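Q: I would like to learn how to read a sheet and a few backbone features. Please take me through them one at a time.

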Amino acid sequence: MRCVNCVGCSWSRPSRAHGIISSGGHLSSRFYQCPSSSLSFRSSFLCCSSTSGPSDSNPESSSNRSYSYSRRWHNPLPRRRHPDQMPSSSRIARDWIDSDTTPVSQASERFTVVSYNILGDRNSSYHRDLYSNVSFPYLKWGYRKRLICEELIRLNPDIICMQEVDKYFDLFSMMEKAGYAGSYKRRTGDNIDGCAMFWKADSFRVLERENIEFSQFGMRDNVAQLAVLELRKSNKSRKILLGNIHVLYNPNKGDVKLGQIRSLCSKAHLLSKKWGDIPIVLCGDFNSTPQSPLYNFLASSELNVMEHDKRELSGQKNCHPTKVLETGSNFSNTITFSSWTNEEIQVATGQENSYWAVHPLKLNSSYASVKGSSNTRDSVGEPLATSYHLKFLGTVDYLWYSDGLVPAGVLDTLPIDVLCKTKGLPCQELGSDHLALVSEFFFEPNG
């Protein structure tokens with residue numbers, strides 16, 4: 001076990017053969033130590049000191065400035081700060097949880113994936129009603145970008161899937177310096193955000209990429225990405241198919257949401273078959289809760305749409321913070337039905353004469369597969385919340401995987417009471433209204 005400090009976020013597994021802190025103040029392998037932070041991730045880590053808030057001061061350091069006088073006046077009184085710049089007294093920590101079934105395997109047979117909806121800059125401005133509790137400096141893109149990039153660099157994952165990206169080249173310039181290559185797919189129409197993938201350039205080579213524009217199938221302007229990645233250092237020519245999606249938000253459009261997920265799964269299956277039935281990881285903001293029919297569709301591969309109201313397929317309407325905190329659950333027993341038009345049925349199922357939506361993948365959720373604390377997990381093992389703002393408190397982000405892979409561990413999310421103390425995300429320590437999901441995978445020995 002070890003303490004890892006960071007500005008923004010960091011984490012590490014319980015120490016194995018690699019990643020031990022050296023006397024020089026850094027980790028000898030994958031993980032790096034930073035002087036101070038208010039946010040830490042731990043395997044029974046000690047919490048670290050806090051960061052200060054955003055500053056509008058000149059970024060030029062004092063050592064680079066020239067002065068007219070040889071002597072400086074010294075003010076013995078401490079400099080006063082604006083309240084928004086004061087270090088936070090709260091300490092946010094996330095625990096790394098190893099799977100009970102993790103076997104010993106070579107490092108080259110493992111890889112870590114992050115899925116992160118980073119909150120688009122335009123969305124944070126257009127939907128101020130969702131963030132009225134958030135101090136304005138913490139909504140500024142410059143401040144959030146720093147937190148997000150520092151968080152990701154200290155997480156040190158092999159693969160990153162982002163959603164709601166509208167400043168891709170800002171991110172790319174920083175991630176490239178950290179050794180990542182990337183790709184981006186903007187949403188169609190008048191939208192400026194999209195999905196982005198990053199991968200360690202020295203760990204993976206890209207064999208094939210495919211972008212999905214759902215507007216081509218009459219399913220709004222959302223997009224998804226697919227990529228076939230091959231591990232450079234594996235002796236067994238290990239390949240994975242990576243998928244990244246941001247499903248339509250609108251809760252009333254369950255037919256479109258289902259159609260988007262179904263199409264992603266079908267296209268992922270075809271590309272996996274093309275490269276020899278390689279294992280699949282699907283990341284993203286699926287805009288559906290763990291108790292919803294859409295979640296069950298991903299987990300069970302089928303759904304009879306006529307048994308459900310299309311406005312309730314995602315479960316999002318049950319996740320207003322007031323309702324969740326009052327009931328302790330985002331599940332509703334209320335059953336309502338709305339009529340489905342033939343066009344909606346075809347969008348949802350992909351067929352004219354069938355009420356059944358099906359997909360060809362056998363998927364499991366990495367978080368549901370790795371047992372966590374009752375303080376952070378719901379009845380099916382998913383996080384209690386991966387997103388929090390004034391009108392939503394619940395889980396919509398997932399890391400799904402297929403046969404051939406096994407989750408070695410996950411970075412657990414935060415208890416509801418800790419989230420509520422922030423009064424809404426983003427905040428001083430967290431750069432988005434979503435939490436980053438992190439899972440390490442290993443290839444099945446006989447896969």
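Q: In what order do the six strands of the open sheet lie?
A: Strands of a sheet pair through backbone hydrogen bonds, in either a parallel or an antiparallel way. Here the open sheet of six strands has the order β7-β8-β9-β10-β16-β13, with mixed pairing. At the edges are β7 (204-213) and β13 (364-365); each has a single partner strand, so one side of each lacks a neighbour in the sheet. Strands (E, at least two residues) and helices (H or I, at least four) are DSSP runs numbered from the N terminus, and two strands pair if DSSP finds at least two bridges between them. This is a predicted model: local features need pLDDT of at least 70, side-chain atom pairs count only at pLDDT 80 or more, and totals for chains, interfaces and linings use all residues. Residues are numbered from 1 along each chain as its sequence is written, and side-chain values use heavy atoms, leaving out hydrogens and water.

Q: How many bridges join β9 to β10?
A: Six bridges join β9 (residues 239-246) to β10 (residues 280-285), and the two strands run parallel. G243, for one, has L282 in β10 as its bridge partner.

Q: Which residues does the cis peptide bond join?
A: Most peptide bonds are trans, and most residues other than glycine have a negative phi. The cis bond joins L425 and P426, with omega about 0°. P426 lies in the loop between α9 (416-421) and β18 (437-443).

Q: Is K423, with its positive phi, buried or exposed?
A: K423 has a phi of about 65° and is exposed (over 50% relative accessible area), at 57%.

Note on methods: Buried means under 20% relative accessible area, exposed over 50%, partly exposed in between (1.4 Å probe, protein chains only).
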